[in-house]
Amino acid sequence: MANGMGSIYIGHSGLKASQDSIHNVANNLANVNTDGYVRQQVVFRDARYSNLAYSKNNYKKLIGQGTSIGEIVHARDIFLDKAFRTENGRQSYYQATFEAIDEVQNYFQELEGTAFQQILDGEEGSLWQAFEEFAKDPSNMAAQNLVIQKASLFVSRSQTVFKGLMNYQNTVNVQISDDIDKINQYIEQIYNLNVQIQSIESGGRETAMNERDARDYALDQLSKFGNVLYEERANGSVTVKFEGELVADDVFYFTMGKKTDRMTGFVTPYWPHLTNEERGKYAEVFDFSQKICTEFNTDIGELKALVQARGEMVSNFNHILNADPDKYDASVGLSVIQNTQAEFDQLVHGIITQINDLLAPNKKMDELIVENEDGSYSRYRNVKVLDEDNCCVGEDGKKPPQELFTRSGCERYRTVKAFDKNTGEWREFYIYNEEDVDDTITYYANNGKTYRVFNPQNTSVATVIPKKDAQGNALFNPDGSLNIDSIINEEPYTPWNKKGNEKYLKSQINGQWVLNEDYYFDTSKQYTCLEVGVNYELLKHIKNIPHVHQNNDIAHDMALKLASLWDNTTLSINPRFTNVKYTYSEYYKEMVGEIGIIGSVYESTAEKLEGTVSAVENQRNEVIGVSSDEELTRMIKYQNAYNASSRYIQTVSDMIEMLVTGL
């Protein structure tokens, strides 16, 4: 009888195990579309055994008590997880970079129905075609008007392209800010789940499966944004590093900060817990001095790709003109947007300045003594002035002649009273207001640090001279020349210095004039895309465009030089290969072609990595994924097992009833 009743318990254990297994299958089916859910599998084990007696050889005689659920397996493959997260981050890097390049390419295709190249050198309606017509008869008002119109269109199209690049830069900046917020959310979520998992599993009787699923999903999502390393501890918590820095465990977590540039508004991710803001020492998340390659795992993460693509600032020709190749490649050259801005603006700057220099030519004077308004004098060396002997004039015959393109922040010339060595008289000169550009050279100090110091060959130097020296002696001879042997207090002539932000600072390093690190170049004093326009005076009086020599002859020679500018090879697209020169058309094609080639490489890489990620994910899903067909098959199996256990209990019950009623 005892054995008979025990048999009922065996059947009961089968019912209970089958019922719990069906509940497990139902849970899997309910979460078949839940992100991050991992399939749970039931593993059966023998229930406890009862000791009936000992045999002659002292062996136990045991009888089983049925079956029970030993554990519910949380199926994962840590190697597939690691492979997926690494390749997912790498694919995100190349995909984000390609999307940035593709967006940049779009700005050089169709703009308001007309490709930019058509405005540059197309057969009809281009700036080049306008100067071709102008060369036929410079005095023809229709040809002059065509030049003004096409110049306006050229400026408008150039600004449209450049503003588009700037707007996209701001769009990427918003993406960077959003990505930082998401990263911080995942870091905090992982920390909280670490705490919950520890709390649930500390008793050793329960596994926090849902919390582990959520944590693994958070790690999957975090891997998209950067290089993630993690390790599970014995207590069930996970230690996570992002780009080499510890960000979360079961004790604390560190989120990412946003350093915002006050000039551009650009956000740079940094680690606040490693930063000394008072001293301006920021621990930035990404180190772009490291070579970006798969070998070093430095080509991982969407956030890194976005920061790299956006760059640190808005670039123009000043960042590429006479740039150090290594420094350019390590800064502006890293960013597809910045690099494109610099290359495109260099093209526009080259066209504008070369046209202006023919319409209003300059010459360099070794020395020019200028009388200032306060009665003192200034001596300039290497200063540019209007070439009055060779310039042409407009219909009004006035000097200085009008330039075609003007800067928003200054006139082309300023009129001064200066000493003319050729005539021995004081007369008016027209000093060219030079652009505010990086007119420096690299200086290597003894301590190994490099400095950007004033280069007197690139711009002028000046000396302020009183009318008399300290002893009351006149400093000028009757002919206006200096009567002292030398003046040693020369300094860079920088008319664009802003108060509190001097361009050069006198340094103790061998007395050099060092470029102020806090100096911001005044783009309104540059011939750059956003700061130029067509000369308003010419818009009002078209006939004042320079087209006649000072002897009233039509300036056919100058007009032909203007038209032939499109045939001259004057521009280098890369600071590393300055000996390779292009025409305007060749330069534009090379620039766009370069973007296209780089974009093609990143696109093909992203597509290949997408296939790799899909393959790894498919393998992983075979382990962790829920298949509705498989689960339904298991459900039928467990239902049949439940029915079998039920029939078994019924049979045992009938046997017991027969024995009881038969007594």
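This is a predicted model: local features need pLDDT of at least 70, side-chain atom pairs count only at pLDDT 80 or more; totals for chains, interfaces and linings use all residues.
Seven of the 10 residues of α4 are buried, so the helix is largely enclosed by the rest of the structure. Those buried residues are L127, W128, Q129, A130, F131, F134 and A135.

## Packing of α4 against α5

Two packed helices are described by the angle between their axes and the distance between the axes. For α4 (residues 127–136) and α5 (residues 141–201), the angle is about 165° and the axes lie 9 Å apart. Angles over 145 degrees count as roughly antiparallel, and α4 and α5 are therefore roughly antiparallel to each other. The crossing of α4 past α5 is left-handed.

On the α4 side, the contact is made by L127, Q129, A130, F131, E133 and F134. On the α5 side, A143, Q144, L146, V147, K150, A151 and F154 take part. By class, the residues of this contact comprise nine nonpolar, two polar and two charged.

## Cysteines

The count of disulfides in the model is zero. C392 is in no disulfide, and the nearest cysteine sulfur, that of C391, is 7.0 Å away. With a relative accessible area of 3%, C392 is buried.

For C410, the closest cysteine sulfur is in C529, at 17 Å, which is too far for a bond, since a disulfide requires sulfur atoms within 2.5 Å. C410 also counts as buried, at 13% relative accessibility.

Terms used:
Residues are numbered from 1 along each chain as its sequence is written. Side-chain values use heavy atoms; hydrogens and water are left out. Axes are lines fitted to C-alpha atoms, for helices over the stretch in contact, and angles run from 0 to 180 degrees between N-to-C directions. Helices (H or I, at least four residues) and strands (E, at least two) are DSSP runs, numbered from the N terminus. Angles under 35 degrees count as roughly parallel, over 145 as roughly antiparallel, 65 to 115 as roughly perpendicular and the rest as oblique. A crossing is left-handed if the near helix is turned anticlockwise from the far one by less than a right angle, and right-handed if clockwise. Contact means heavy atoms within 4.5 Å. Ala, Val, Leu, Ile, Met, Phe, Trp, Tyr, Cys and Pro count as nonpolar, Asp, Glu, Lys and Arg as charged, and the others, Gly among them, as polar. Buried means under 20% relative accessible area, exposed over 50%, partly exposed in between (1.4 Å probe, protein chains only).
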